[in-house]
Amino acid sequence: MRVAVSKHSWFRTPAGRLYYRHFGTLLAAKLALLLILYFVFIAPQPRADTSPAAVFSALVAQDGAVRKADP
Amino acid sequence: MIDYTTLRVIWWLLLGVLLIGFAIMDGFDFGIAALLRVLGRDDDERRVLLETVEPVWEGNQVWFILGGGAVFAAWPYVYAVAFSGLYIAMFLLLVALIVRPVGFSYRNKLADPRWRSAWDWALTFAGFVPMLLFGVAVGNLFLGLPFRFDADMRMTYTGGFFDLLHPFAVLSGLVSIAMLTMHGASYAAFKADESLAARAGNIARFAALAFLAFYLIAGAWLAFGIAGFVITSPVTGEGPSNPLLKHVVVQGHWFASLSAHPAFWLASALAVGAAIANFAFMSARRHFAAFLASALVCAATILSAGFALFPFLLPSSLDPNSSLTIWDASSSKTTLGLMFIAVLIFMPLVIGYTAWVYSVLRGRVTLEHIRSSHGGY
Amino acid sequence: MMIDQELVTLSRLQFALTALYHFLFVPLTLGLSWLLAIMEAVYVMSGREIWKRMTQFWGLLFGINFAMGVATGVTMEFQFGTNWAYYAHYVGDVFGTPLAIEGAMAFFLEATFIGLFFFGWDRLGRVAHLIVTFLLALGTNLSALWILIANGWMQNPVGAEFNLDTMRMEVSSFSAVLFNPVAQSKFVHTVSAGYVLGSMFVLSISAWYLLRGRNIDLAKRSMTVAASFGLASALSVVVLGDESGYTVSENQKMKLAAIEAMWETEPAPAPFTAFGFPDLAERKTHFAVRIPWVMGIIGTRSLDGVLPGINELVEEAEQRIEKGRVAYAAMLKLRENRDDAAARAAFDANKADLGYALLLRNVVADPALASHADVQKAAVSTIPNVPVLFWSFRLMVGCGLYFIALFAYSFWLASRRELDTKRWYLKLALWSLPLPWLAAELGWIVAEYGRQPWAIEGVLPTALGVSSITSAQVLFSLCGFVIFYTSLAVIDATLMLKYVRRGPDGLGLWRDGQVPATGAAT
């Protein structure tokens, strides 16, 4: 199978540049979709409260639970 | 049945074998990919270089895939800590490892110069980045990674991507780049068209000298400047895999373990000797011998790193007691035993048919062959 | 500590997208590899050159696809460690083994021999090259076997026990893991789906050539092979699908109930809801069209087996959670003091339900402090997304039945040598191309989304398996994958279309002087 290399690139022709534009649009659209998905469905979810006070009380509670679990 | 301690040592050695197999087999196609634009000055030369690896690189990469799978199966703590802790680095590595199959397979499918040039750049990236990252990763093992376990064995990692670029780790990256460039260029010298052999030989010799310099500096640095990790609680290989059950301090230097087992020095000596041999063989135009020598450099370098770390696998700079050692980061005895049997059955088969494939493909890939027949490969 | 749900959701989204993406390429590799072996076998046995050209042409397309399968597969191996590190720790002792064996047995085989498949035509004799092709096909299918043993263990975690000293599941019987009935039926069902997909690929593209009047001899022969292989595979898919459903009814009752939107336990034999709109909030199905007895017979293979409904299973989950809490508390005490006999007894008695206690971690930070309302909330969380499962399953089965019909008719036409006589049939074959992909992805959605909230059924909830990384890191990698994978998909599709359009006639594969090579570059 002969595939000779030429100097002229199809990617530099108007058709080729259109291909680039389509490619870029598709990428941009998918990224936009992903970010919308994130901000609408995922970000509003409850986030773990990792402030020092919350961590401390969680550890105290865990300690208490072990003691409480005594029969 | 083999005892747990022995199984753990066996799997430490097997891990080394898989890493060495990976460096020797996949290392040269990383090298070829990284050197593609440098060593191949026109499309025909680049096609020659690509065809030296295209029939075999897939099988070579499985050494890495199996290595990853074996780490998951035999050392799951190491797998979990390394892959999630080094998240961004792993993602970069993954991008490079994804670009490779597509690059090798697709580059020649179209004749368009822009298409081929783009893939040549992509392959250069895909060959170079893993070389650098593996070296940086190994360097960081000696420095320790910042992770700790809680009582549930849930791991927390407190470092970022740029924290990995400590000067010693960067030097390790340079060792790795030099070593695999030497290896790739040596492969090109005996496998590619004769006209490329001289240029490849020069690159290999330069890389061998660079390797020697970097390796010796890194060794000296390690011996005198990097703090070692030592287990101070009683060591047993029969205990459960729970890293928190031991006590570790940071003291002395890594080569303390080498002093305990003098035979370990052989690995470092071999690495240096083989690099010198590569230089000598290449100067004498004995290309295949030079390639064997560079393979030996890969093996010996990895062995020397593993020996220096022994018995640690992944020390923790944040909480030394959380460090992963071969005595407490392994899978259960049953799993290690099962996996050992699987390896004993399959690896000889793999080596056998791989050798057969290479023998079928023996001989140089000539410019004449490229110009006369194939196109899309 | 409360679990960060944002991190969990992003990690799940990333795994789902990368896995679904990987499975765009895998089934074609599975099926087309056997089709290549069949075509080449005919070449070796008959000596007719056209069969060699067929192998080489379809092999070219196979190569374009194979690269993407490999590339996206590496991501999956990485992802268990990068994004699911606690999962990797918790079940790695069991789960890692099939993955490692997959590498040693299957990946090496396919990866080593694919090189010779492309580059060995001139260096190997006919029989030797045929063996290479056969080993390539064998390697890809063995790979499917081991990964499905791993996934089968996720659905039905047999042969493993929880080890308190290492805080993880460890293997107790590897043969139980290997011969897991879920894994067996899943393997044959999944590879059969790949065979259907490969057959449809060849059928549709060949139909296009016939519509254009190009490569007629090659296309007719290819369609004949695809029709027979496709018919056998389509039948196999449905039969093994039934078997998979049966193992689900035994081991994952909630999944089956959700797929059927079976809210209440029906008296045996239960009816099958063919159509309807399941409502998760109200727990009923609107406009349900029920076929009596069918579900009971298919699901239990008897007339008196009872299939529990979702409501009954939620009550059962509540009880299991309560027992799990006892085990969890006992586990914490045992960590402090190994010799606590009372705690040891309590733990051993209830450890089968330890995973259910872990469900509480999604609701409260500390399971010991959970109120009855929390327990109920956790029990309700065992219900997966019923409407999605209901429709995904029905769509998939609909496609599967259509494939049997299409391939049966194709086989009929092929045996009468009438493949190129009916244009409406050729157009139908062409337009059917995307359907196997749709069916395959829907199947995985049923399998994986139906197992939620569990990563390992009854043992480890998905939310607890995540790595301790930040949401920002996952969002970074997720965006990276979207950009990267989309680009590769476009490139893959571009190449495929280009090579299909050029066809065997345009690629100059006929060197015996029959059809001259056009020789043009792009």
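Predicted model: local features only at pLDDT ≥ 70, side-chain atom pairs only at ≥ 80, totals over all residues.
Author: The C-alpha trace of chain C spans about 85 × 50 × 40 Å along its principal axes.

Reader: Why is chain C called as compact as a globular protein of that length?

Author: The globule rule gives 24 Å for 522 residues, and the radius of gyration of chain C is 26 Å, which is close to that value, so chain C is as compact as a globular protein of that length.

Reader: What makes chain B agree with a compact globule?

Author: For 377 residues a compact globule would have a radius of gyration near 21 Å, and because chain B has 21 Å, the two agree. Chain B holds 13 helices and six strands, and its C-alpha atoms fill a box of roughly 65 × 40 × 35 Å along the principal axes.

Reader: How do you know that chain C and chain B are in contact, and how many residues are involved?

Author: Contact requires heavy atoms within 4.5 Å, and by that criterion 77 residues of chain C are in contact with 73 residues of chain B. The area buried between chain C and chain B is about 6,700 Å², with carbon and sulfur atoms giving 72% of it. On the side of chain C, the residues that lose the most area to chain B are C:Phe78, C:Phe108 and C:Phe119, which together make up 12% of what that side buries.

Reader: Why is the pair C:Arg335 and B:Asp152 called a salt bridge?

Author: The term asks for a side-chain nitrogen of Lys or Arg within 4 Å of a carboxyl oxygen of Asp or Glu; the side chains of C:Arg335 and B:Asp152 meet at 3.2 Å, N to O, so the pair qualifies. Across the interface of chain C and chain B the rule finds two salt bridges, and there are 23 residue pairs in polar contact, both residues being at pLDDT 80 or more.

Reader: Which elements of chain C give two or more residues to the side that touches chain B?

Author: They are helix H2 (49-82), helix H3 (85-119), strand E2 (168-171) and helix H17 (471-506) of chain C, and the largest share, 26 residues, comes from H3(C). The residues of this side of chain C divide into 46 nonpolar, 20 polar and 11 charged.

Reader: What domains does the assignment give within chain C?

Author: The domain assignment gives domain 1 (18-247 + 385-467 + 484-505), domain 2 (256-300) and domain 3 (310-380). The centres of domain 1 and domain 3 of chain C, taken over C-alpha atoms, are separated by 40 Å, while 15 residues of domain 1 are in contact with 16 residues of domain 3. Between these two domains about 1,200 Å² is buried, of which carbon and sulfur atoms give 70%.

Reader: What makes C:Lys351 and C:Glu161 a salt bridge?

Author: The cut-off is again 4 Å, and the closest N and O atoms of C:Lys351 and C:Glu161 are 3.4 Å apart, so the pair meets the rule. Across the interface of domain 1 and domain 3 of chain C the rule finds two salt bridges, and the count of residue pairs in polar contact, both at pLDDT 80 or more, is two. Strand E1 (160-163) and strand E6 (460-461) of chain C are the elements that give two or more residues to the side of domain 1 that touches domain 3, and the residues of that side divide into 12 nonpolar, one polar and two charged.

Definitions and conventions
Residues numbered from 1 in each chain as written. Chains lettered and ligands numbered in written order. Heavy atoms only, no water. Domains from an automatic or database assignment. Buried area = accessible area lost by both parts, 1.4 Å probe. Polar contact = N/O pair within 3.5 Å; in protein donor to acceptor, adjacent residues only side chain to side chain. Helix = DSSP H or I, 4+ residues; strand = E, 2+ residues; numbered from the N terminus. Nonpolar A, V, L, I, M, F, W, Y, C, P; charged D, E, K, R; others polar. Rg over C-alpha atoms; globule rule 2.2 N^0.38 Å.
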